[in-house]
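Subject: Structure for you to take over

Hello,

I am passing this structure on to you.

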Amino acid sequence: MNTEHDLRLVGVGASPYTRKLRAALRFRRLPFRFVVAGSNEAAALPDRPLPLVPYLVVPDENGQLSRAMSDTTPILSELDTLYRDRPLRPRDPALRFLDLLIEDYGDEWLSKCMFHYRWSRSLDTERASAYLPYARLTQMPRSQAKVAAQVFAERQISRIGVVGSNDTTAPVIEASWRRFLEIFEKHIQTSPYFLGNRPGAGDLACYGQMTMLVITDPTPAEVAFKVSPRAYAWTEKCEDLSGLDVVESDWVELDELPETLSALFSEIGRVHVPFLIANAAAIEQGSSTVLCEIDGQLWRQDPFVYQAKCLRWLRQEFDILTANDKARVAKCLQGTGCEAIFE
Ligand SMILES: N[C@@H](CCC(=O)N[C@@H](CS)C(=O)NCC(=O)O)C(=O)O
């Protein structure tokens with residue numbers, strides 16, 4: 001079999017965004033090779049546009065693997081354009097917007113939970129540091145891994161302010177992780193995925209972070225086992241959904257959203273949206289600190305330029321909806337706090 005033209009996914013298994021994209025390619029049934037970042041095979045491929053993992057190398061118009069793309073959100077959109085079958089973004093534009101919102105919450109808020117637990121709780125830091133150096137090179141000598149682990153942990157801990165984890169915000173982040181699990185637990189009892197009987201990009205964004213939060217890192221995993229033991233099974237399942245057959249009618253009807261999904265939007269509107277808005281305002285004003293209230297507590301962190309872009313993307317996606325679709329979205333999000341994105 002000639003696999004020369006397979007897509008190349010370059011990443012590491014220990015990266016939540018790599019897991020999101022790998023699960024996406026599997027669900028999409030797209031032929032791909034997984035290439036470990038930093039390996040000789042990766043060095044032979046076109047370089048990544050951003051200093052991030054994962055990245056995806058796709059064929060250009062001549063069928064040559066010459067184009068590398070970074071950032072999973074635009075990558076998933078482009079894959080939906082390039083390959084028509086089994087899209088991850090709903091075709092109904094209003095539902096597509098809701099899926100983008102869940103995707104942003106997974107990528108940008110659950111990542112706060114992930115980063116916070118991993119780099120502020122000593123047990124989680126120790127556990128992650130012990131294996132992460134080997135994620136790129138399993139044969140690394142132990143002495144070298146020890147040094148690498150320390151350097152990496154110090155770097156991540158020094159960046160913890162970037163995600164907004166500090167003494168004041170820790171209880172807000174931890175309470176939000178528990179609430180997410182409570183909502184998830186109820187929702188998944190009646191619907192296999194957030195938007196019905198097939199996964200959307202939002203499911204896979206949450207899944208990516210949950211590989212670490214539910215499976216790998218002891219403190220958030222312990223909470224998950226108490227609140228939602230099915231979260232572990234769901235996370236494992238999402239790793240490879242290539243065998244799931246789907247049809248268009250598997251998406252939920254927007255006019256019949258279950259209450260448990262509204263609860264998820266209320267959670268997104270409770271924590272993530274206020275942050276997105278305060279962060280974008282701080283950047284616009286050239287302020288060096290984001291200062292706002294989230295869930296009744298003072299939130300202080302360094303501005304996060306990328307997340308201002310996320311808000312811009314969401315607003316652009318809302319702006320291009322027809323008046324009718326805008327009204328359908330607004331109706332679903334009414335009273336959740338998410339309306340602040342477009343009001
Ligand atoms: N928005 C990006 C985020 C990717 C990202 O943050 N990747 C992390 C690893 S999980 C990374 O490469 N960080 C750079 C570093 O650690 O130096 C995406 O969706 O691809």
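A backbone N or O atom of Val-53 lies 2.9 Å from a nitrogen atom of the ligand, a polar contact in the sense of a pair of N or O atoms within 3.5 Å. The side chain of Asp-71 has an N or O atom 3.1 Å from a nitrogen atom of the ligand, and for the side chain of Tyr-306 that distance is 3.3 Å. Of the 520 Å² of accessible area that the ligand has on its own, the protein covers 77% (Shrake-Rupley method, 1.4 Å probe).

This is a predicted model, where local features need pLDDT of at least 70, side-chain atom pairs count only at pLDDT 80 or more, and totals for chains, interfaces and linings use all residues. Residues are numbered from 1 along each chain as its sequence is written, and side-chain values use heavy atoms, with hydrogens and water left out.

The residues around the ligand (a heavy atom within 4 Å of it) include Ser-15, Tyr-17, Leu-52, Arg-155 and Arg-159.

The domain assignment, automatic or from a database, gives domain 1 (7–82) and domain 2 (93–341). Their centres, taken over C-alpha atoms, are 21 Å apart. In the contact between them (heavy atoms within 4.5 Å), domain 1 supplies 21 residues and domain 2 supplies 28. The shell around the ligand takes at least three residues from each domain.

Regards

Technical notes. A polar contact is a pair of N or O atoms within 3.5 Å; within protein, one must be able to donate a hydrogen and the other to accept it, and residues adjacent in sequence count only if both atoms are side-chain atoms.
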